[in-house]
Amino acid sequence: MSGSDARALSRSLLDLCRMRKLTVATAESCTGGLVAAALTDIPGSSDVIDRGFVTYSNEAKRAMLGVKATTLLTFGAVSKETATAMAVGALERAGVDLAVSITGIAGPGGATPGKPVGLVHFAVAARDGRILHRECRFGAIGRSAVRQRSVVEALRMLVELARGPQAIAKPRRQAIGRVHPRLARTSRRGAIKRRRPPRT
């Protein structure tokens with residue numbers, strides 16, 4: 001993953017959000033604002049990007065994003081639960097349409113049992129109630145590489161949610177279409193029944 005990947009994704013996301021009139025906020029821990037930087041590096045991004053929260057400490061996560069102390073104590077800062085709470089908190093506090101959060105262990109230190117270096121949790125929340133979580137284990141590939149890959153993954157998730165929920169109308173239409181051949185077969189059986197009386 002390179003800086004060009006992040007730039008291309010940033011452009012795609014901004015174009016998509018402009019088309020759909022969506023605004024975005026970020027809540028970052030281990031990336032320290034790199035997602036917001038990648039997005040605001042694109043000229044004209046101010047019509048989409050509202051703000052970015054850099055919540056590196058647990059206290060910042062509580063004070064700025066409303067993450068509950070019990071969530072941090074029970075699950076830890078690097079967890080699905082904390083990432084989700086960060087995204088929802090950013091969404092509510094910024095009043096935007098989409099918010100992304102990142103919390104992880106970029107290394108080289110900081111690993112704990114069950115939480116190795118390179119573990120990163122992501123969450124994206126939408127105003128319509130959709131929430132997407134993803135866990136990535138990049139491995140001990142170096143602090144800079146973990147952070148760069150995290151930026152790209154976060155942008156991908158934002159693009160995924162910005163596209164909107166998957167339409168379910170098409171599968172329903174297919175199901176309705178399958179009924180018609182059955183109805184046709186029933187009428188044919190009725191036609192066959194009329195030919196039953198044999199000639200003697």
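The model is predicted: local features need pLDDT of at least 70, side-chain atom pairs count only at pLDDT 80 or more, and totals for chains, interfaces and linings use all residues. Residues are numbered from 1 along each chain as its sequence is written, and side-chain values use heavy atoms, with hydrogens and water left out.

Start with the largest nonpolar core, which has 36 residues. Such a core is a set of buried Ala, Val, Leu, Ile, Met, Phe, Trp, Tyr and Cys residues joined through side-chain atoms within 4.5 Å. Buried means under 20% relative accessible area, exposed over 50%, and partly exposed in between (1.4 Å probe, protein chains only). α6 (143-162) is among the elements that supply at least two residues each. α6 gives the most, with 10 residues. Helices (H or I, at least four residues) and strands (E, at least two) are DSSP runs, numbered from the N terminus.

Leu155 is one of the residues with the most contacts inside this core. Leaving aside neighbours within four places in sequence, Leu155 is in contact (heavy atoms within 4.5 Å) with Ala6, Leu9, Ser10, Leu13, Val35 and Leu39. Apart from this core lies another, of 16 residues, including Ala87 and Leu91.

Now take α5. Its buried residues include Ala87, Gly89 and Leu91. α5 has 15 residues and reaches 21 Å from its first C-alpha to its last, close to the 21 Å expected. That expected span is 1.5 Å times one less than the number of residues. Gly95 follows α5, with a positive phi near 65 degrees.

Ser79 sits in the loop between α4 (69-75) and α5 (80-94). Ser79 counts as buried because its relative accessibility is 5%. Beyond neighbours within four places in sequence, Ser79 contacts Thr103, Lys115 and His121.
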